[in-house]
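I am opening my notebook on a new structure. I will look things up one at a time and write down what I find.

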Amino acid sequence: MMASEEQSRASSPTTELVVESASEATPLDEGALLLRIYRLAVLTRAVDERLWIFSRQGLAGFVLTPRGHEVAQIASALTLRVGHDSAWPYYRDMAVGLTLGVTPYELFLGALGRADDPHSGGRQLSMHLSSPRLRIATVSSEIAAHLPQAVGAAYAARVLGQDSVAVCWFGDGATSEGVTHEAMNLAGIHRLPVVFICENNGLAISVPLALQMPIASVAARAAAYGMPGTSVDGTDALAVYRACQAAMARARRGEGPSLVELRVPRITPHSSQDDDSYRSEAERAAAAAADPLPRLRRELLARGGWSEEADERLVAETRAAVAAAADRALAQPPPPPERARRWLFAGDPPHPYLAQLERAGRAEGDRHG
Amino acid sequence: MVEHIAQPPAAPAEAGAVLTLVEAVRAALWEEMARDPRVIVLGQDVGRKGGVFKATQGLLAEYGPWRVLDTPISEAAIAGAAIGAAMMGLRPVAEFQFADYIHPAYDQIVNHAATIRWRSVGGWGVPVVFRAPFGAGVRGGVYHSQSVEALYCHIPGLKVVVPATPRDAKGLLKSAIRDDDPVLFFEHKWSYRRYREPVGGPDELIPIGQARLDRPGRDLSIITYGVGVHHARQAADALAAEGLLVEILDLRTLAPLDHEAIARTVRKTSKVLILHEANKTMGIGAEIAAFIAEELFLDLDGPIVRVAAADCHLPYNAAEEDAIIPNPDRVYQAALRLARF
């Protein structure tokens, strides 16, 4: 059950991958896929760096960061059909959001607690994504609570006769929650189209995996729910993509759920409010050394078609675009206090910026048929 | 899917059919599932068995195993799956076998169903009905007797409905299923089969948030809900022999409270007895009493009286259970004292 990593490592670099998407079955060469992942990773890193600056400046309260998880998040999210498959990320999944179409401007609006934030109107902590248009379910701060909800989304797809898949991301700490068992069990019983993606960075804030579970692999738990479990190096973009692609294809064929474990480093502390003091210098250095971005950059350069000059240009352009988005968000006002109780129940007027994005998204969808 | 055993078919109720409360619940589910293919039912034993109280009997044979889902004993997953399915367009009715066992799902209901619309600035909604039989008097012991409604009334974003009569049960459950927000729907199990009355037809919706004047009166008001309505009726009959005309207000919905109906009855009789079977401390009665004290102080002509359970867990043995929960005689005695104040 854990052979896919070896298989993907062994495959030839010239192998063409087929993107199984509703809209197209276009062959995609690995170089183009890797470059796409890399661009999104550079974007994610630039947004993350700016958020940490906001935090240090006292402008953003609580920063949750994907550093080290970027490639795992992007490569897995690229296997979704945006707006068709439902996405159930957790609070570290900034790059899942950026891959599915969330913009840096929206993320800054949220982190700065601005009125226009279309995800939560500045009500939730940073990175608590939500987008009906992109079918990203609203993220909560609570560990693992979204797993049964994702299973419910998969169940709804079966009842409604849709072929959409529910994809649910969570950390290794989430596997210790009782509701994780309940959710995976329910999904397994009814062979529901859901893909469970565990971003295993080996730490639940400070508690290491050895104090979370008595076995070495999260993926091994899949056997208890009658689904395949795969453990993959989450810094290996193509391996992640292939493993998730296989799980998505299985779900779409009606064969049921899968559990994909992506082993990733956590390069930063848990959050901006955490000092990482429980890790040794050596542990922190090892995490930093496993950074997937330099690895991906080296791989692109080695393959050809990518140069140091192109790379420098990409980083500079990305940083400039991110800085502009941050400045634009900074200029926005906080929510009017009298809005505090709005949207407790149905029937309130829509959030203006969210409504604007939804309209634009529908128009976009109409253009593409 | 496993093979399902066919159950006796049951036709939906016609308008004017005389039903018990649990039959009215079943009729409402049946009609709403027929009307709207997005309505589904999930919970423990709701399919093959038709529910431990038979509230879902026949639904599996009529609507099939995908719309009538027998779940494992996983209350958090029942609630969580209902929430996720609702976000994707279904109208789930999640059944908890007893309100005592809704607690493992409390997190999903309170942290998620209640917050999702607010925290997504209206982007996502959670049209789920969480149904559960509740209440004491059936010698069910601590895990088949609890009244949990106040726990949910404290949470913004939730609606809480407790029907006392079959007609209200049917019309209110239909409204709850069609509501765009999460509704807790508590059915008093002692009342399930004790009373029959004609129910409304498929189009009768009873609006959430409106109390019902169960009996007009003059001398004092009993504000209550659920089984309390039946206790109040008995007490009022006995008080009539004393020449006292008791007004009974059936709240029907506990969140949101019908403040206008409460104000009307307080202004009319100036004496208020609040009755519920749930524990007294920090209960619904405390909230209603505070509302009256804040807004209607000058309309009162006596102290606000509460008759409620004695802040205790509920035992299996009758002697202790009867000592804890209200009954018609206790309501009568308290009302008499208040009338003579």
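How many helices and strands does chain B have? I counted 12 helices and 14 strands in chain B. I note at the start that this is a predicted model.

**Overall form of chain B**

I looked up the radius of gyration next. Chain B has 20 Å. A compact globule of 341 residues would have a value near 20 Å, so the two agree. I also checked the box that the C-alpha atoms fill. Along the principal axes it is roughly 65 × 45 × 40 Å.

Then I checked burial. Of the 341 residues in chain B, 59% are buried. I turned to contacts between residues at least 6 apart in sequence. In chain B, 79% of these join residues at least 24 apart.

**Where chain B touches chain A**

I looked at the contact between the chains. On chain B, 36 residues are in contact with 38 residues of chain A. Which elements give two or more residues to this side of chain B? I found α3 (75-87), α4 (106-113) and α5 (116-119) of chain B. The largest share comes from α3(B), with nine residues. I sorted this side of chain B by class and got 17 nonpolar, 13 polar and six charged residues.

The axes of α3(B) and α4(B) come within 7 Å and cross at roughly 30°. Angles under 35 degrees count as roughly parallel, so α3(B) is roughly parallel to α4(B). From α3(B), the contact uses B:A76, B:A79, B:G80 and B:I83. From α4(B), it uses B:D107, B:Q108, B:I109, B:H112 and B:A113. I divided the residues of this contact into five nonpolar, three polar and one charged.

**A buried strand**

Next I picked strand β5 (residues 129-134) of chain B. Is it enclosed or open? Six of its six residues are buried, so β5(B) is largely enclosed by the rest of the structure.

I recalled a rule about side chains. In a regular strand they alternate between the two faces of the sheet. I checked the directions in this strand. B:V129, B:R131 and B:P133 point one way from β5(B). B:F130, B:A132 and B:F134 point the other way.

Which strands pair with β5(B)? One is strand β4 (residues 91-95) of chain B, which runs parallel to β5(B) and is joined to it by three bridges. In that pairing, B:V93 has B:V129 as its bridge partner. Another is strand β7 (residues 183-188) of chain B, also paired in the parallel sense, over six bridges. There, B:P133 is partnered with B:E187.

**A five-strand sheet**

I then traced an open sheet in chain B. Its five strands come in the order β9-β11-β10-β13-β14, and the pairing is mixed. Which strands stand at the edges? They are β9 (212-215) and β14 (305-309) of chain B. Each has a single partner strand, so one side of each is left without a neighbour in the sheet. The twist averages 25° from one strand to the next.

I looked at one pair in detail. β9(B) and strand β11 (residues 246-250) of chain B pair in the antiparallel sense over three bridges. In this pair, B:R215 has B:I248 as its bridge partner.

Helix α12 (residues 328-339) of chain B lies across β10, β11, β13 and β14 of chain B. I read its angle to β14(B) as about 165°.

**Backbone details**

I finished with a few backbone angles. The peptide bond from B:A255 to B:P256 is cis, with omega near 0°. B:P256 sits in the loop between β12 (253-255) and α9 (259-269) of chain B.

Phi of B:R139 is positive, near 55°, and this residue is not glycine. B:R139 lies in the loop between β5 and α6 (149-153) of chain B. Is B:R139 buried or partly exposed? It has 14 C-beta neighbours inside 10 Å, so B:R139 counts as partly exposed.

A:A144 is in the loop between α5 (104-111) and α6 (146-160) of chain A. With 23 other C-beta atoms within 10 Å, A:A144 is buried.

Methods. Residues numbered from 1 in each chain as written. Chains lettered and ligands numbered in written order. Predicted model: local features only at pLDDT ≥ 70, side-chain atom pairs only at ≥ 80, totals over all residues. Helix = DSSP H or I, 4+ residues; strand = E, 2+ residues; numbered from the N terminus. Rg over C-alpha atoms; globule rule 2.2 N^0.38 Å. Buried ≥ 20, exposed ≤ 12 C-beta atoms within 10 Å, placed from the backbone. Contact = placed C-beta atoms within 7 Å. Nonpolar A, V, L, I, M, F, W, Y, C, P; charged D, E, K, R; others polar. Pairing = 2+ DSSP bridges. Axes fitted to C-alpha atoms, helices over the stretch in contact; angles between N-to-C directions. Parallel < 35°, antiparallel > 145°, perpendicular 65-115°, else oblique.
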